[in-house]
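Please have the viewer open as you read.

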Amino acid sequence: PSHGSWAGGTRVLVRGRGFSTSLDGNNVTICGRPCTVTQVTSTSSLWCTTRAPFDDAPAPSGRYSVDVRPGSDTDDAEEVLVRDSYKTVRLHSDTLEISPLSQVGLRFPGIVIPPGANVTSALLFLTA
């Protein structure tokens, strides 16, 4: 895959030469972190599953980009102004109305920010 979750759990197909046909005979690392070998399909390909990269190590330095969309309709809410106070909350909507009369909340449960990470900027792009 071209990207995966910081929380781990991404299945990765690794192709090469000379892999052992036993699970324990192969060691795979991605960005210096172990990737657990779950299936060996041949001596030239295997599958591994990434682990959470920062559970016991400091965050690496560098610039990272994460592209995430809310996963379900329960990951957004809209609160609408009614008579000078925010009272009506809408969940499970197909659209979010962004206006001076509403407040919108978005949740991205798949994002894990590693301990020690320094977030220098974050952008939110909205498309119609």
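## The disulfide

The link of Cys35 and Cys48 is right-handed, with 90° about the S-S bond. The sulfur atoms of Cys35 and Cys48 lie 2.1 Å apart, and a disulfide is taken here as a pair of cysteine sulfur atoms within 2.5 Å. By this rule the count comes to one disulfide. As a reminder, a disulfide is a covalent bond between the sulfur atoms of two cysteines.

The pair links distant parts of the chain: Cys35 belongs to strand S3 (residues 33-42) and Cys48 to strand S4, 13 residues apart. Cys35 and Cys48 are both buried, where buried means under 20% relative accessible area, exposed means over 50%, and partly exposed lies in between (1.4 Å probe, protein chains only).

## Where the numbers come from

This is a predicted model, in which local features need pLDDT of at least 70 and side-chain atom pairs count only at pLDDT 80 or more, while totals for chains, interfaces and linings use all residues. Residues are numbered from 1 along each chain as its sequence is written, and side-chain values use heavy atoms, with hydrogens and water left out.

## Overall make-up

The protein has seven strands and zero helices. Both kinds of element are DSSP runs numbered from the N terminus: helices are H or I with at least four residues, and strands are E with at least two. Along the sequence, the pattern reads β-β-β-β-β-β-β. Of the 128 residues of the protein, 16% count as buried.

## The four-stranded sheet

Four strands form an open, antiparallel sheet in the order S1-S4-S3-S2; two strands pair if DSSP finds at least two bridges between them. At the edges are strand S1 (11-15) and strand S2 (28-30), each of which pairs on one side only. On average, neighbouring strands of this sheet are turned by 40° against each other, direction ignored. The axes behind this angle are lines fitted to C-alpha atoms (for helices over the stretch in contact), and angles run from 0 to 180 degrees between N-to-C directions.

How many bridges join S1 to strand S4? There are five, between S1 and residues 45-50 of S4, and the two strands run antiparallel. Leu13 stands opposite Trp47 in S4. S2 is joined to S3 by three bridges, again antiparallel, and Val28 has Cys35 in S3 as its bridge partner.

## The S3-S4 hairpin

S3 and S4 pair in the antiparallel sense over six bridges and form a hairpin with two residues between them. Ser42 has Ser45 in S4 as its bridge partner.

Is Ser45 buried or exposed? Ser45 is buried, because its relative accessible area is 12%.

## A nonpolar surface patch

Ile98, Val104, Leu106, Leu124 and Leu126 make a nonpolar surface patch of about 470 Å². Patches are made of residues with over 30% relative accessible area and no salt bridge; like charges are joined within 9 Å, and nonpolar side chains (Val, Leu, Ile, Met, Phe, Trp, Tyr) within 5 Å. A salt bridge is a side-chain nitrogen of Lys or Arg within 4 Å of a carboxyl oxygen of Asp or Glu. Accessible areas come from the Shrake-Rupley method with a 1.4 Å probe, and for residues only the protein chains shown count as cover.

Leu126 sits in the segment after strand S7 (102-106). Leu126 counts as exposed because its relative accessible area is 57%.
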